[in-house]
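Hello,

Here is the structure I promised to send over. My notes on it follow below.

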Amino acid sequence: MSLHREAHERVVVTGRGVLSSIGRGVPGFAQALAEGRNGIGALADMPRVGAALSGYDGAAEFSATDLSMMDRATQFAVIAAREAVQESGLDFEGEIGTRTAVIFGSASGCLATVESTYGNFFGDRTRRMHPMTVPRIMANAPASHISLLHGITGPAFMVATACASSAYAAALGLQMIRAGVVDAAIVGGAEAALLEGNLKGWDALRVLSPDTCRPFSKGRRGLVIGEGAGMLVLESLARARARGATILGELAGCAMNSDAHHILMPSMEGQAAAIRACLDDARMSEDEVGYVNAHGTATAANDLTETKAIRRVFGHGADRLHVSSTKSMHGHTLGAAGAIELIATLISLERGFSPPTMNFVERDPECDLDYVPNEARPASCKAALSNSFAFGGHNAVLAVRAAHGM
Amino acid sequence: MTTQRSIIERELVRLLADIVQVDPATVMPEAGLADLGITSLQLVEVIFSIEEKYGISIPYNANEGRLESVGVLLDTVVDLIEAKAEQGLGLDADLGIARA
C-alpha cells in the first residue's frame, strides 16, 4: 500500500453549512465553539431541557408554497446545504450536476410532520390530512429538496443509522468520490426532533439529563437532545485544485462498522475497531492525531466505553490527545450530530483550537483522558478524528487533515 | 400496609425473576439488582410495568442507578403508592369541606 493516495482519490471539503442552537452559519458556530457557548435550556411548552434553534422561523426562510412541502428537518437541511454550496462556489450547471451525489442522514427523518399530522388525526379526530402530508413526511425528502434546489441530477438518497447517520453520509460520499462514481457530494444531516411525543419516548428510556449535558464528567446525568443540521460539500482534490477552490480540510479517511452486540449498549471492541480502521483508511499514524471530537453523549455507558476504546487504540499516546464533546454546547443533534461535529472538527484544525467539553464539574476516575474541560485550548495539530457511535451498534469514525499547505 | 407491601413485593420479585429467569423464591430483598443480572435497561422496563400498574411515577435515571437492590426498589415503590393514597385522601377531604 502506497503511503499517499493520488489527487483524484483524495477527498477535500470545500463547503460547510451549519444550524445549531449555539450558532447559525459557520462563522457564528466557530465563534460559539471557541467561547464555549451554551445552547442548552428549558424548552418552550415542554417540561424538559433541550438545545433548540430558538427564534427560528420557517416562514421567514421559505415561501408558503415551499414551506407546505417541507418538514422542519428538511428546512434545516436545505438551509445548511445552501450555505455549504455557497461557500464551495460550486455551480452544478453542466456535467458536474450529473456527477454529484446528495447523501442525507437523519435518525428519524421528518418527525415533526408525523407528530402534528398523526396527532391531529388520531388525537383530535380531524377528518382529513394536509394534502402534502406524504411528501413532507417521506424520509428522503430533504435529499430530494437539495437535489431540486441546486439542479443536482446525480444519486440523491437518505441514510439512517441513528446518531451516526450523517457521519455515514460523509463516509459514503468519501467512498463514492474515491471510487470515481461521482466527482462531488453534498453530505450531512438534519434533525428536528424536539417534539412532545419523541421526547416522551426518550424520557421513557430514562437516559435524558434533567438539567444539562456533562460529557465525561463525574455527575453526568445523560444526554440532552438538540436540533440542527450540518451539510458539507466534498469533492476530489484534483477537481478542487483544477477549479481553484478554497480547500477547508481533507476528509482523509473513514470507517463504518457494526457492534453486533446490543441494540442500545455500546461495545468497546466495536468502537475501537472503527477508530483503528479509520486511521488505516486515512493512512494516518496515531501520532499524527491531536484532537478527537468524541461522540461523548454524557450517558454513563457511552462515555466510559468511548474512553476505553480511545485508550485501546492510542495506548499511552491517548494521554496527549485533546478529546472533547461539543454536545455539551449544542446538545445531541442525533442524525445531524456526525456532520455538525465533523464541521466542528474542521474548524478546530483550521483555527488552531480544541473546542471545550463544557459543564465539566469533576473528574470521573474511570474517564481518564484530557477532555479539554470548560475552556477552549489553543492547539496546532494537523489531523483529527470525529467519532459517531449510535444506537443499533452503528459506528462511524471520520479522519480529517488540515488544509494548510494543500 | 404490611399486606399491601407484601403484595407489591411478590409482584416486583416475580417481574425481576421473570427477566433473569430464576425461581422467585431465590430473589431476596437484600439482593443487588446487578448481582441478579438485571441491567439498567431491564430495570427501566420493570419500572414501566410497576408505574402502569399502580399509576405512580418512579424517579429513575439509568445513568445514575440509585435503585441498587430489590429492597430499595420495593421501599421506593411502596412509599410512592402510600403517598399517592394520602394525596387521594387529602383531595377527598378538601371536597368534603367544599361540600359542607
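Which residues have the most contacts inside the largest nonpolar core? They are Phe29(A) and Ile50(B), in a core of 92 residues. A nonpolar core here is a set of buried Ala, Val, Leu, Ile, Met, Phe, Trp, Tyr and Cys residues joined through side-chain atoms within 4.5 Å, and buried means under 20% relative accessible area (1.4 Å probe, protein chains only). Domain 1 (5-242) and domain 2 (253-401) of chain A both contribute residues, so this core lies between them; the bounds come from an automatic or database domain assignment. A second, separate core has 30 residues, including Ile275(A) and Tyr371(A).

Please keep in mind that this is a predicted model, where local features need pLDDT of at least 70, side-chain atom pairs count only at pLDDT 80 or more, and totals for chains, interfaces and linings use all residues. Residues are numbered from 1 along each chain as its sequence is written, chains are lettered from A and ligands numbered from 1 in the order written, and side-chain values use heavy atoms, without hydrogens and water.

Now to the interface. Eleven residues of chain B are in contact (heavy atoms within 4.5 Å) with 15 residues of chain A. Two salt bridges are counted between the chains, the term meaning a side-chain nitrogen of Lys or Arg within 4 Å of a carboxyl oxygen of Asp or Glu. Arg221(A) and Glu64(B) form a salt bridge through their side chains, at 2.7 Å from N to O.

Best wishes

Methods: Buried means under 20% relative accessible area, exposed over 50%, partly exposed in between (1.4 Å probe, protein chains only).
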